[in-house]
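Welcome, and thanks for taking a look at this one.

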Amino acid sequence: MKVSVGLGRPGAEERLAKSGVSRRDFMKFCTTIAAVMGMEASFANKIALALTSPRRPSVVWLHNAECTGCSESILRAVRPFIDDLILDTISLDYHETLMAAAGHKAEEALQEAINSPHGFLCIVEGAIPMKDNGIYGMVGGHTMLDINSKILPKAIATIAYGTCATYGGVQAARPNPTDAKGINDALKHLGVNAVNIPGCPPNPYNLVGTIVHLLTHNLAIPEMDDINRPLMFFNETVHELCERLPHYEAGEFAPSFDSEEARKGWCLYELGCKGPTTYNNCPKVKFNQTNWPVQAGHPCIGCSEPDFWDTASPFYEEA
């Protein structure tokens, strides 16, 4: 990974074209982001300018206690491939999983990014173990608690990406032996007020839309709900947006996963679907604009809600 702190990398569209991403593909991507944000299609031009500006804030991506599934969801995204587009256009300068540098070179890249005179955005993936001064989560000889405490207060804005970073995730599920917490709960005493993009994993377009909002609104954070989720993505329940909603309203419920009714698209509420109490835009955005769990025949498990591992489980019961 080439480090170009705080300035972005010029010639983004030319490099995308060389990677097989045409101007048409790029604008289709920007139009999709505009739709996800609830904006008119004409806003795509502003998004394109923001993503290809010669000066964009450096992005530092920190990893805490997690499975890296949130990063994987981005790397598996297609149309166009995210690694050809987003990892370039947002000027991602530090990501422990993706960067080629290691050891002291990685540490140098991090220090260069967070000390840029132009500032930096911070994306955090994973919960912070708090017990015993954070010794149950270490990176490079430092606790995750210490790393985040030193870096996040310096950021122009912080995005907690994924349910682990937002609420603690599976690490915080009972009995939570490491006292894992989400970013805001762990660091609110330092003034950290991260934008929460929950999901296990979250949809990459919700992350990109948040970054685009920052870039197009003079780094102002988007309007959020009472638990810091952007309303442009999390203002409706999965149930309200679900394509199976007409069957719910008609009282048509699938009796089992392998039933003919399930194959016909009947409602999965009686099979444990948590859509009515879960706020997310999965039915609207889908993953890769192709599919999402309920469309594929699996109930929503409420993964974008706080403490879902405890409050929404068991996800399955023996018949």
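Let's start inside the chain, with one leucine: leaving aside neighbours within four places in sequence, L207 is in contact with W61, I74, I123, I159, Y161 and I197. Please keep in mind that this is a predicted model.

**Nonpolar cores**

- L207 is one of the residues with the most contacts inside the largest nonpolar core, together with C30, I33, M37, I47, I123 and Y161. This core has 36 residues.
- Helix 2, which spans residues 23-36, provides the largest share of the core, with seven residues.
- Another core, of 26 residues, lies apart from it, and its members include A106, I114, A155 and V192.
- As a general background note, nonpolar side chains in soluble globular proteins tend to be buried together.

**The chain as a whole**

- The protein chain holds 17 helices and nine strands.
- It has 319 residues, and 51% of them count as buried.
- Among contacts with a separation of 6 or more, 73% are between residues 24 or more positions apart.

- I135, Y136 and M138 make a nonpolar surface patch of about 310 Å².
- I135 sits in the loop between helix 7 (131-134) and strand 5 (138-139).
- Is I135 buried, partly exposed or exposed? Its relative accessibility is 47%, so I135 counts as partly exposed. The cut-off behind this is that exposed means over 50% and buried means under 20%.

**Two cysteines**

- C273 and C300 are 27 residues apart in sequence, while their C-alpha atoms are 4.9 Å apart in space.
- C273 belongs to the loop between helix 15 (260-263) and helix 16 (282-285).
- With a relative accessible area of 13%, C273 is buried.
- Which residues does C273 touch, once its neighbours within four places in sequence are left aside? C273 is in contact with L268, V294, P299 and C300.

**Aromatic rings**

- The structure contains eight aromatic pairs.
- Y248 and Y269 form one that is edge-to-face, with 5.9 Å from centre to centre and 85° between the planes.
- This pair links distant parts of the chain: Y248 is in helix 14 (residues 245-249), Y269 is in the loop between helix 15 and helix 16, and the two are 21 residues apart.
- Y248 counts as partly exposed because its relative accessibility is 30%. Y269 is partly exposed as well, with a relative accessible area of 42%.
- What about the rings of F308 and W309? Their centres are 4.9 Å apart and their planes are at 40°, so this pair is tilted.
- F308 is buried, at a relative accessible area of 2%, whereas W309 is partly exposed, at 30%.
- Ring pairs also join Y248, F253 and Y269 into a cluster.

Methods: Residues are numbered from 1 along each chain as its sequence is written. This is a predicted model: local features need pLDDT of at least 70, side-chain atom pairs count only at pLDDT 80 or more; totals for chains, interfaces and linings use all residues. Side-chain values use heavy atoms; hydrogens and water are left out. Patches are made of residues with over 30% relative accessible area and no salt bridge: like charges are joined within 9 Å, nonpolar side chains (Val, Leu, Ile, Met, Phe, Trp, Tyr) within 5 Å. Accessible areas come from the Shrake-Rupley method with a 1.4 Å probe; for residues, only the protein chains shown count as cover. A salt bridge is a side-chain nitrogen of Lys or Arg within 4 Å of a carboxyl oxygen of Asp or Glu. Helices (H or I, at least four residues) and strands (E, at least two) are DSSP runs, numbered from the N terminus. Buried means under 20% relative accessible area, exposed over 50%, partly exposed in between (1.4 Å probe, protein chains only). A nonpolar core is a set of buried Ala, Val, Leu, Ile, Met, Phe, Trp, Tyr and Cys residues joined through side-chain atoms within 4.5 Å. Contact means heavy atoms within 4.5 Å. Rings of Phe, Tyr and Trp (its six-membered ring) pair if their centres lie within 6.5 Å; planes under 30 degrees apart count as stacked, over 60 as edge-to-face and the rest as tilted.
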